[in-house]
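Work through the following exercises with the coordinates open beside you, and try each task before reading its solution.

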Amino acid sequence: MDLNYTDEEKAFREEVRAFLAEKLPKEVSDKVRAGISLGKEGHERWHATLNEKGWLNYNWPREFGGAEWNAVQRHIFEEECAMAHAPRIVPFGLSMLGPVLQKFGSKTQQDFFLPRILNGAHWWCQGYSEPGAGSDLASLKTRAVRDGDHYVVNGQKTWTTLGQYANWIFCLVRTDPAAKQQEGISFLLIDMDTPGIEVRPIVLLDGTPEVNEVFFDDVRVPVENLVGEENKGWTYAKYLLTHERTNIAGVGFSQAGLDAVKRIARVECANGRPLAENPHFAARLARVEIDLMAMATTNMRIISRAAAGQAPGVESSMLKVKGTIIRQEINDLARRAVGPYAMPFASEAVEGDNDPIGPDYAGPVAAQYFNNRKLSIFGGSNEIQRGIIAKVRMGG
Amino acid sequence: MDFTLTEERQMLQDTLRRYLADRYTTSVRNGILAGDTGFSPDIWRELAELGLVGALFSETDGGFGGAGFDIATVFEELGRAGVVEPFLDTAILGGRLLAALGNPEQKPLLERVIAGDLHLALAHGEPASRYDLSRVETTARAEAGDIVLNGRKAVVVNAEAAGFLIVSARESGGFFDLDGISLFLVPADSAGLSLRGYPMLAGGRAAEVTLDEVRLPVSARLGEAGKGFGPLMDALGAAHVALAAETLGAMETAVELTRQYLLTRHQFGRPIGTFQALQHRFADMLIELEQARSAVINAAGHLETADRDRQNAAARNLISRAGRLVAEETIQMHGGIAMTQEYELAHIAKRIVMAEHRFGDADYHLERFIALGAA
Ligand SMILES: Cc1cc2nc3c(=O)[nH]c(=O)nc-3n(C[C@H](O)[C@H](O)[C@H](O)COP(=O)(O)OP(=O)(O)OC[C@H]3O[C@@H](n4cnc5c(N)ncnc54)[C@H](O)[C@@H]3O)c2cc1C
């Protein structure tokens, strides 16, 4: 047992810190901290900065030009980025599609798509969920019918995150309606400029246009855009879901969030004393900090097992459930901490840079509280994760 | 003990429920939310014509109600429909202060309030006061027979629509003293009064208010000089009943929407309501809802008694806790659909959670409850 990082790991952390100190512009980290949207260009610029350093595709193997960091390095990087309020890496191309293409894609697909993920020519979105297929993803109905050298796609995807920025979408489509549910699904790459595709925004409850509906009406997709074999898409989809899970607990985000709440609680006053000294608030804060301290170690325990080659199984479900509960609790504390100034709807804070209403930290917190209810819904809801944990661990 | 509503209140409840179900649909309300006035003047007037405002005032003040259970009956229905129109601000906070303190020249304004022609707003909270009711830094100084106000007021709900703002200001004492706070009825067009208005996350509008050498005649004072805190607490007592009841109504809607959704949404070939993991949590919400209803009844029934503040603190604490549970659980059990702005539950959940930010969250009321119990 040794709770310390190795010297190499410590040196790596210093390197990441130095990089962020030098390359992360303050106006960008200020926006991330304040919950202000970066827009498409903002994300692209940060991706380019990381790519220049060779740190954008850090989870890719060396043969595909990746840094091939181990799980501990990834964790350190993700934690430092969160603490420094760096923009999130948009995951759809880099940590979802990339690994699938590397494992199951053709050489032609790898050569064409992987460089474009890195240089930003392609912005990918994820077309899995449908109105009728959420938790029960395998019941998806979007059809792809072979017609010569093309598939003709008809149907609808929904909840497509940042689809308004995307020019490519990877989709699960039904190619064999007669087969058992999971066995008739294929994995298709679709250029969103193809005729017949319509993207309609969905505004979320905090006012952000974060997700979309995507409609397919006789969309012709070249057969060479099929990944792997026809009707094997479910295997690839599962690989995608289980592959990139080191950051699922979001420990870095929680730590950054907790620091932010502490800063607020030192400034806000209740009964003439800092809120941080209020016994009720302090107790709430302490409880979540205690949970987070243990979570950080749980996370590292699971990560070091993964680093030693043991694939995380139900553990990643555990990290997802507890990690999201902690993040949501921290959002709740931030909302509480700002008192009446949680009430204004800071549309300016989302869209531009007008003067804040009340203290500058107050603008985004209530919106973030509502927006992050998504954490326990998407990526396999917490109910689905609990089902997995119980099923696997109960044995029987 | 008798837990049935009187015939009059039952009628009021039926009328409001029917009107709001017909008229205040999700799409009408979403239209109001998307607009820039914060509420619908038409619906305001129609509800006033139905007697909603009158029900919140006693007969001596020109209404036909005004008791705790009248307030609870009205606001539960407003909450059930997710109404964003500022009845709390105009009728309860503004109206009750005017009724309690108005001089013969000020009091006739009540008639216009009850008729739905005049809006009011309470400008009490300040940028640094949070939920502390006695922390008033805005000053009122006597000068050449006038009163001059200076200071800033925070998150003043309904300030832009109000014809008059009721402004608290300190005439004597230190920042936290209960004595020395006076109330003033300030015309919205007073020189030196400026507003920075904005929408609120859960609907409606508020403003940051700046008072810069606002000069008023002494007759603008509401009640006695330096004795505003007691009447303010009386008005807030009614506001707590209203907020608790409104949140209860919203919780009822959230749970009902979830009941319907659990029965109709299918995943894995069956209604999601057949999953026991969701059934038990649905049951827990129903239990909490009964508790919340009892807390509202306790608070409403003690509005005119010596135990008012303790009962209010209990109700607001319980409803804050139960409300958060219901808001979060109903969203979770719906999945993605509840995250969309135009879905009814999204708005209802925001009403529930954001109500906690008016006049004290769960911790604030817990502290108050402890302090009042020890006294
Ligand atoms: C903000 C946001 C962004 C998203 N981004 C994307 C994206 O980019 N691409 C994409 O493809 N999808 C995306 N999703 C969709 C997300 O993956 C789904 O919302 C999720 O799979 C849940 O499906 P659902 O919303 O249809 O809920 P449902 O599956 O209908 O679930 C409703 C409720 O029932 C529960 N439930 C379902 N089955 C069971 C069971 N067997 N036992 C117990 N409880 C159960 C659920 O946990 C939930 O509480 C996003 C969703 C959100 C909210």
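A residue is called buried when its relative accessible area is under 20%, exposed when that area is over 50%, and partly exposed in between, with a 1.4 Å probe and protein chains only. This is a predicted model, in which local features need pLDDT of at least 70 and side-chain atom pairs count only at pLDDT 80 or more, whereas totals for chains, interfaces and linings use all residues. Residues are numbered from 1 along each chain as its sequence is written, chains are lettered from A and ligands numbered from 1 in the order in which they are written, and side-chain values use heavy atoms, with hydrogens and water left out.

**Exercise 1. Positive phi values**

Find the place of B:Phe268 in the chain and decide whether B:Phe268 is buried, exposed or partly exposed; then do the corresponding work for A:Glu68.

Begin with the background: most residues other than glycine have a negative phi. B:Phe268 has a phi near 55 degrees, which is positive although the residue is not glycine. Its place is the loop between strand E9 (266-267) and strand E10 (270-271) of chain B, where helices (H or I, at least four residues) and strands (E, at least two) are DSSP runs numbered from the N terminus. With a relative accessible area of 43%, B:Phe268 is partly exposed.

In chain A, A:Glu68 likewise shows a positive phi, near 50 degrees, in a residue other than glycine. A:Glu68 belongs to the loop between helix H3 (39-53) and helix H4 (71-83) of chain A, and its relative accessibility of 41% makes it partly exposed.

**Exercise 2. The pairing of strands**

Finally, six of the seven residues of E5(B) are buried, so the strand is largely enclosed by the rest of the structure.

For chain A, consider strand E1 (residues 124-127), where A:Trp124 and A:Gln126 on one side and A:Cys125 and A:Gly127 on the other are all buried, so that both faces are covered. E1(A) pairs with strand E4 (residues 168-174) of chain A in the parallel sense over four bridges, and A:Gln126 stands opposite A:Phe170.

**Exercise 3. Helix packing**

Describe how helix H7 (residues 229-264) and helix H8 (residues 276-301) of chain B pack, and then treat helix H1 (residues 7-23) and helix H3 (residues 41-49) of chain B.

Axes are lines fitted to C-alpha atoms, for helices over the stretch in contact, and angles run from 0 to 180 degrees between N-to-C directions. The axes of H7(B) and H8(B) come within 10 Å and cross at roughly 160 degrees. That angle makes the two helices roughly antiparallel, given that angles under 35 degrees count as roughly parallel, over 145 as roughly antiparallel, 65 to 115 as roughly perpendicular and the rest as oblique.

H1(B) and H3(B) pack at about 160 degrees with their axes 12 Å apart, and they are therefore roughly antiparallel as well. Their contact is made by B:Leu16, B:Tyr19, B:Leu20 and B:Arg23 of H1(B) and B:Asp42, B:Ile43, B:Glu46 and B:Leu47 of H3(B).

Note on methods
Contact = heavy atoms within 4.5 Å. Pairing = 2+ DSSP bridges.
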